[in-house]
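Open the model in your viewer and keep the sequence panel beside it. The stops below say what to select next and what is there.

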Amino acid sequence: MTSEVSTDRREASTDPGVTTDSGVSTDRAVRLTVNGKPHDPVLDPRSTLVDALRDSLGLTGTKKGCDRGECGACTVLVDGNPVLACMTLAAAAEDRQVTTIEGVSDGQGGMHPVQRAFWEADALQCGFCTSGQVMSAIACIDQGHASSRGRIREWMSGTLCRCAAYPQIVDAVETAARESASTGEPVTVRESVPTGEAGAVREREAGR
Ligand code: FES
Ligand code: FES
C-alpha cells in the first residue's frame with residue numbers, strides 16, 4: 001500500500017481572486033491552525049493549502065514541486081494524516097490541525113527524531129524533497145507502516161527524490177522507527193501540544 005495521501009482538489013487554481021457578477025470579491029478569511037497556531041488569512045476560495053502556507057503564512061519549508069499531485073514535495077499532515085497540499089484546498093483544512101516541517105522540531109532549534117535520522121543517514125542531497133519525505137516518514141512510523149524495508153519503500157513511494165537518495169531515506173525511516181519502538185517515544189506531532197518553556201511560548205503566541 002502506498003502512502004494514503006489525500007488528493008482532495010476541487011477546482012483549485014492560482015488565478016487571481018474570484019469576483020461575482022457584481023464585481024464583489026469572494027475572498028474570505030479561512031481559519032487555519034498550523035503547527036498549533038491559529039491563522040485567518042484572507043484567501044481566494046480556490047487557494048490551495050500549499051499556496052496558503054507558503055505565500056500567505058510564509059511557511060516556505062513546504063515545497064511546491066509539480067503542483068499537480070505527482071511528486072509529494074508538498075506533503076504536510078492534516079490531523080496527523082499526510083496530504084498533498086497542492087491538491088488540497090486551504091478551505092478544506094479549515095478547523096483541522098495542519099502540521100508542516102516548521103512544526104516538527106522541539107521549538108528550541110532541536111531536530112525531530114525523524115529529521116535527525118535523515119541527517120545521520122545522509123538521506124538528502126539537494127534537500128528539495130526532504131520536508132515532504134520527513135512528513136511522510138512521520139506518518140509512516142506513526143501509523144505502523146515501518147515494520148520492514150519493503151513496507152517503508154511502499155509507503156514512501158509517493159514522495160519522489162530526484163537525487164535518488166532512496167536507500168538512505170529507507171535507512172533513516174527504519175532507524176527512526178526502531179528508535180521510537182525502543183524508547184517508546186512516539187514520533188507523532190498530531191496533537192501539536194508543546195511542552196516546557198517552548199510550549200509555554202507557543203501557547204502564549206497562540207493566545208491559548
Ligand atoms: S507539489 Fe504537490 S505533489 Fe508535487
Ligand atoms: S534530495 Fe534532492 S530531490 Fe531529494
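The tour goes from confidence to the sheet, and then to the helices.

**Before selecting anything**

This is a predicted model, in which local features need pLDDT of at least 70, side-chain atom pairs count only at pLDDT 80 or more, and totals for chains, interfaces and linings use all residues. Residues are numbered from 1 along each chain as its sequence is written, while chains are lettered from A and ligands numbered from 1 in the order in which they are written.

Colour by pLDDT, the predictor's confidence in each residue, from 0 to 100. The protein averages 86, and 80% of the residues score at least 70. Now select residues 8-16, where pLDDT stays under 50 and the model has 15 contacts beyond four places in sequence. Residues 192-208 also stay under 50, with 20 such contacts. Two residues are in contact here if their C-beta atoms, placed from the backbone, lie within 7 Å. Where pLDDT is low, the predicted coordinates should not be read in detail.

**The sheet**

Switch to a cartoon view. Helices (H or I, at least four residues) and strands (E, at least two) are DSSP runs, numbered from the N terminus. Two strands pair if DSSP finds at least two bridges between them.

In what order do the 5 strands of the open sheet lie? The order is 3-2-7-5-6, with mixed pairing. At the edges are strand 3 (37-39) and strand 6 (81-84), each of which pairs on one side only. From one strand to the next the twist averages 40°.

Select strand 5, residues 75-78, together with strand 6. These two run antiparallel and are joined by 4 bridges. Val76 has Val83 of strand 6 as its bridge partner, and the partner of Leu77 in strand 6 is Pro82. The hairpin of these strands has 2 residues between them, and Asp79 takes a positive phi near 50° there.

Leu77 stands opposite Thr99 of strand 7.

Select helix 3, residues 130-142, which lies across strand 5 and strand 6 and runs at about 40° to strand 5. For angles of this kind, axes are lines fitted to C-alpha atoms, for helices over the stretch in contact, and angles run from 0 to 180 degrees between N-to-C directions.

Helix 3 and helix 4 pack at an angle of about 130°, with their axes 10 Å apart. They are therefore oblique to each other; angles under 35 degrees count as roughly parallel, over 145 as roughly antiparallel, 65 to 115 as roughly perpendicular and the rest as oblique. Their crossing is right-handed, a crossing being left-handed if the near helix is turned anticlockwise from the far one by less than a right angle, and right-handed if clockwise. To see the contact, show Gln133, Ser136, Ala137 and Cys140 in helix 3, which meet Ile152, Trp155 and Met156 in helix 4. By class this contact has 5 nonpolar, 2 polar and no charged residues. Ala, Val, Leu, Ile, Met, Phe, Trp, Tyr, Cys and Pro count as nonpolar, Asp, Glu, Lys and Arg as charged, and the others, Gly among them, as polar.

The axes of helix 3 and helix 5 come within 10 Å and cross at roughly 40°, which makes helix 3 oblique to helix 5. On the helix 3 side, show Gln133, Ala137, Cys140 and Ile141; they meet Ile169, Val173, Ala176, Ala177 and Ser180 in helix 5. The residues of this contact divide into 7 nonpolar, 2 polar and no charged.

**Last stop: helix 2**

Keep helix 5 and select helix 2, residues 113-120. Their axes come within 8 Å and cross at roughly 135°, in a right-handed crossing. Pro113, Val114, Ala117 and Phe118 in helix 2 meet Ala172, Thr175, Ala176, Glu179 and Ser180 in helix 5. This contact has 6 nonpolar, 2 polar and 1 charged residues.
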